[in-house]
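Reader: I am new to this structure. Please take one part of it, look at it closely, and then show me how the rest is arranged around it.

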Amino acid sequence: MNYRSYADLGGEEQRGAIMPEPEGELFHAPWEPRAMALTLAMGATGLWTIDMSRAARETLVNYRSLSYYEIWLAALEKLVSASGVLDAPAPQPPRVLRAESVAATLARGTPTSRAAASPARFAVGEMVRTRAEQPAHHTRLPGYARGKLGVVARVHGAHVFADTNARGLGECPQWLYTVAFDARELWGEGSAVQRSTISVDAWEPYLEPA
Amino acid sequence: MRDDEHSQHQEGAISPLQLRVRALETVLTEKGYIDPAALDALIDAYQWKIGPRNGARVVARAWCDPQFRRWLLEDATAAIASLGFSGRQGEHMVAVENTADLHNLVVCTLCSCYPWSVLGLPPSWYKSAPYRARAVKDPRGVLREFGVELPESTRIRIWDSTAEVRYLVVPQRPSGTGHLSEIDLAALVTRDSMIGTGLPRAPA
């Protein structure tokens, strides 16, 4: 299987300037609000999951040359086309987000916490090592944090597992942890001047005892 | 994008991107998956109702009310919901507090995960490659680009939002604000100060 994400940017040499932006400046082209809303409304139909959306976006081969809403639009076109909804008449009454239920739907959100099937393997304060191998599918352990030694900083309960949910293999809830790393563990001794600690949120299958 | 806007002004012409969005909306509406009025409602919600002023109210309350502050730090989702802010991209909230020795910074290196329920839509720079690439490796350099210079002794704590937990930074309350009301305090809380790339405004 060859799966490639173009979105895993942490730690890359990116020389471009970061351009601060005033608070009220939400969109930069007239089509962007509609693309944003279409993405959210189609997400609400349940035709795909948020993890499938992320997988569709990160695998766009031109990911690096697109603006963020261009990425959203291209991924939405890809998802719509892959779902086959354009080829067939709509099945049963599809789940449609109506204007009158927008506020309630947004306020409800889509929680990903689930009942845990087994006790947590790790506890706060425990040392863990993240897995080094890069799986050939959507995953949420950034490259910079692979094969690294960290400490469990928080335990969040069991959550929908992005790795399976993105592939249509079900939610397979897994314990989720915040794992914190000293900058030197990730970037070497030269980063000591940063005096920083970096954490990722990692599902249990990403971790092994240190 | 600039070309896009430019040609719009010039000709009233429709850009290729606008055409793609319109085509998609049309066909999905015909197939019965989209209620165009819902799109208007979504845009309206994020333009006017769900934005960083929500988060500013949370921070100002935490500054004024020690009990709320404790609740926020222990169970941010519930504490924030008590002020009426909940839901999409804020289902699982964690609030992290800056102190004299610790500065928190939030990023999503893998995409653009962001606490929408309290901050609204993420700014362009938050989604941009330079911020996502550098925030985890050179946080002091990134902060300098935002005009924030921290003492060397301050530890920086970076939260990479790699799952569905969303982080809200509670900045330090500026000095000389003892006399201000909660509403006046909220006005000092900037969006960037709740991401960690800025500090609250000083009182006038």
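Predicted model: local features only at pLDDT ≥ 70, side-chain atom pairs only at ≥ 80, totals over all residues.

The length of the helix can be checked. Helix 4 of chain B covers residues 52–64, and at 1.5 Å a residue its 13 residues should span 18 Å.

What covers the helix? As background, an α-helix has 3.6 residues a turn, so residues three or four places apart point the same way.

One residue shows this in detail. Pro52(B) belongs to helix 4 of chain B. Pro52(B) counts as buried because it has 23 C-beta neighbours inside 10 Å, where 20 or more are needed. Leaving out residues up to four places away in sequence, Pro52(B) touches Leu119(B), Gly120(B), Arg191(B) and Met194(B), and also Glu23(A) from chain A. Gly120(B) lies 68 residues from Pro52(B) along the chain, yet their C-alpha atoms are separated by 6.0 Å.

Chain B has 12 helices and 4 strands, and 51% of its 204 residues are buried. Its C-alpha atoms fill a box of roughly 55 × 35 × 35 Å along the principal axes. Of the contacts in chain B with a separation of 6 or more, 69% join residues 24 or more positions apart.

Between the two chains, the contact takes 71 residues from chain A and 72 residues from chain B. On the side of chain A that touches chain B, two or more residues come from each of helix 1, helix 2 (50–58), helix 3, helix 4 (102–108), strand 3 (149–159) and strand 5 (196–203) of chain A. Helix 1 of chain A gives the most, with 8 residues. By class, this side of chain A has 40 nonpolar, 17 polar and 14 charged residues.

Chain A itself contains 6 helices and 6 strands, which run α-α-α-α-β-β-β-α-β-α-β-β from the N terminus on. The C-alpha trace of chain A spans about 55 × 45 × 35 Å along its principal axes. Of the 210 residues in chain A, 42% are buried. Residues 24 or more positions apart make up 67% of the contacts in chain A with a separation of 6 or more.

The crossing is left-handed. Glu32(A), Ala35(A), Met36(A), Leu38(A), Thr39(A) and Met42(A) in helix 1 of chain A meet Tyr69(A), Trp72(A), Leu73(A) and Leu76(A) in helix 3 of chain A. These residues divide into 8 nonpolar, 1 polar and 1 charged.

Note on methods
Residues numbered from 1 in each chain as written. Chains lettered and ligands numbered in written order. Buried ≥ 20, exposed ≤ 12 C-beta atoms within 10 Å, placed from the backbone. Contact = placed C-beta atoms within 7 Å. Expected span 1.5 Å × (residues − 1). Left-handed = near helix turned anticlockwise from the far one by under 90°. Nonpolar A, V, L, I, M, F, W, Y, C, P; charged D, E, K, R; others polar.
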